[in-house]
Amino acid sequence: MKHLENEPVLSQNVLEALPGAVALIDDHGVIGAVNQRLSVLTGYEREDLVGQDIAVILPDLDRQASCVARRNRVGAKASAPAPLDQQLAISCRDGSSQLVTCSFSQFDLEGKLWIIVAINDNAAQRAAEVARGIAEDRSAQVEAAAAAAVAQSEQRFRLAFEGNMAPMVFSNQDGTFLEVNDSYCKMTGHSREELVGNDSKHFTYPEDIGITENVTRRLNSGETDQVRYTKRFLHKNGRIVVAEVSVCSARDEGGKTIYFVSSVRDITEERALSTQLSYQALHDPLTGLANRALFDDRLEQAKARVIRQGDLGAVLLLDLDDFKGVNDAYGHLVGDQLLIMIAHRFETVTRSSDTICRFGGDEFLYLAEGLSSDAEAEKIAERLLGALSEPFRFDGVSIDQHASIGIVVWDNTSTHTNNVELVQNADASMYEAKRQGHGHLVVFTPDIRLEAVSRFALVQELRQALALGQLEMHYQPIIDLTTTEVVGFESLMRWQHPERGWVPPDVFIPLAEQSDLILELGAFAMHESVMAASLWEPQGPRAVSPYVTVNLSAHQFHDPNLVAMIESEIAQAGLAPERLVLEVTERVALHDIAETLVIMDQLNRLGIGVALDDFGTGYSSLSYLAALNPKIIKIDQSFVRPKHDQGRSNTLLEAIVTLGNKLDMIVLAEGVETPAQLERLHDLHCDLGQGFLWSPAVPNEEAITMLGEASDT
Ligand code: C2E
Ligand code: CA
Ligand code: CA
């Protein structure tokens, strides 16, 4: 067959591409080639057959084949021979045989005759015959072989049906079970006797009876012959079995459905797993609230509904105030537990139409729908804030936790805003709320967006400001209230912006604090201040040189390079360490007391003092004051110039001064503007004062002049 195999028209590839099982024989009935389908059908390998007589697989063919060949040889060149169809029994390797339809066609290749035997195993037809148990009349010639083939096929089919791992069932057009296999019994928990003759409805989960009826109707109508669908069965023990069902209809010659064959796959566990997985994919693992992905999905739906219904929707972004403090003070386990409790409280005030989601860390998003005014959104925000009003008590601790909320309300004219923008706007509003202090809520307005955009632009510009020389340190004198001497200066940063003019540090320092930029600014402040102080001459009768107090941000205070950086700066400037004081706010110092104590110890050893800034504005100030033992406490301006409740502020001012004196700390009053305020501080025996009464912060040249004038008088 070498010759034949090399022939491109009849290469093995061509044989394989033919739709059915094929054998190629010569005019003596010797097999020249077979395709893979024939091997599958007969169980013989290609090598078993090539070179053998075709009688090995088609024992009845002998006579016919030669007949065909002869007949075709006569008219070979004259006309194309019509293929002849014969019903024959094919013998398989395992000794079984089955009825097949063979068609023969011949061709002439270089004077040699070849016959193509195409074999159709009638699979579909056979299945129908077997199931119906009807063997059709055949020609007398093949009847015996056909009967044997049907019997064998039936046996094979039974084995396949009974022994099938997949639950299988035969049912009639009304859904009555005709036959079930063992796997089906096992899946439903019912015996064969309980199933056969019964309506499948009784074993279907009630809610899914409609689905099943619909499938039956489609198959009965002839609309389709095969349907795959998912339904739930009711197991005998009451358990629900989720299954994927493939159902085919068998029709009689008139096209009428005579029965259905269904093959079933139990997907209960698969479903449970995927439900679990999709739950996990859409929920926050800690609190069980919706996560960002689910929120986005709900937001999309909400936007569509708002367009349809013409009402209002709202997104609320809620950020816990100072939550990091809880983690730092009590550890992450307590922090996590608090988040879970907070989530539960939020859930109790979440309306059924709304979604509350954990946005990450200590931020939550609330999606509200069907609102008729901004005020309603504010009411929801108030309810959320109200849910936090009671302290959280657990594990022997009681924690007060508040939050700030930014609100964006939208209607069907503004739904074009994408999800990211909506949340950004809520975030910008939340930023505003934080600026107003803890526990506030702010509704978004376009101004807030502008504000946020310009804030962003400002950060970009601030990055350049240092290099462009737009930043400068100014110095505000600190006065000894007894001697009126200038004992030191607080260094305060100034940004001279080319277009905006003077940008106050209250604006740009918090922006820088959101990134490492603050470290660069802090290093600049330290360098400038230390250099400036090295130029200040000794003052007063005791000839003591003034010190400089430098503000440290939280970021800087926790920077592991802080002490080394300071050490190198004072060494370079030749400044005595006691002439440098670091200002740390009470809030920063109390954040992580243990760490603060370590840093303060390192600074003390270098001889550098610490001033506790904005004293009196934190919440647990007094209890930690003794432990921290700062050199100076700076009483916050709000006590010196109280806006309201003067009486209470005065009492507090007195208490703080007395306490500081008792603890041997230097007490400094900030923001002194009037002689009356000065007099009162004097009476209280406050040590030092700082404020516009004497001077605002000034450039270093002016500070030096100020010192010169003071020593002249
Ligand atoms: P602060 O540390 O509490 O600084 C005192 C602020 O009060 C300064 O504002 C000062 O100009 C102002 N002030 C002083 N006396 C009076 C007075 O009599 N009346 C009134 N109304 N205000 C007075 P400034 O310079 O605007 O700084 C604001 C804040 O920015 C500072 O508050 C500090 O927290 C921060 N800051 C300034 N410079 C730096 C710096 O170099 N590094 C860091 N980390 N923060 C800085
Ligand atoms: Ca300060
Ligand atoms: Ca201060």
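Which residues have the most contacts inside the largest nonpolar core? The report takes up this point, then turns to the calcium ions.

## Nonpolar cores

The model is predicted. Its largest nonpolar core has 71 residues. Leu462, Leu471, Trp536 and Leu580 have the most contacts inside this core. Helix H19 (residues 517–533) gives the most to this core: nine residues. A second core is separate and has 34 residues. Leu289, Phe323, Leu339 and Ile342 are among them.

Back to Leu580. Residues up to four places away in sequence are not counted here.

## Calcium site

Four residues coordinate the calcium ion (ligand 2). In sequence, the donor residues follow the spacing E-x60-N-x31-E-x29-D.

The calcium ion (ligand 3) is 3.9 Å from the calcium ion (ligand 2). Asp613 coordinates both.

## Glu583 and Asp613

Glu583 lies in strand S22 (residues 580–585). Asp613 lies in strand S23 (residues 609–615). The pair therefore ties together parts that are 30 residues apart in sequence.

The cut-off for buried is under 20%.

Key:
Residues are numbered from 1 along each chain as its sequence is written. Chains are lettered from A and ligands numbered from 1 in the order in which they are written. This is a predicted model: local features need pLDDT of at least 70, side-chain atom pairs count only at pLDDT 80 or more; totals for chains, interfaces and linings use all residues. Side-chain values use heavy atoms; hydrogens and water are left out. Donors are N, O and S atoms within 2.8 Å of the metal (3.2 Å for Na, K and Ca); water is not among the atoms, so sites may look incomplete. Helices (H or I, at least four residues) and strands (E, at least two) are DSSP runs, numbered from the N terminus. A nonpolar core is a set of buried Ala, Val, Leu, Ile, Met, Phe, Trp, Tyr and Cys residues joined through side-chain atoms within 4.5 Å. Buried means under 20% relative accessible area, exposed over 50%, partly exposed in between (1.4 Å probe, protein chains only). Contact means heavy atoms within 4.5 Å.
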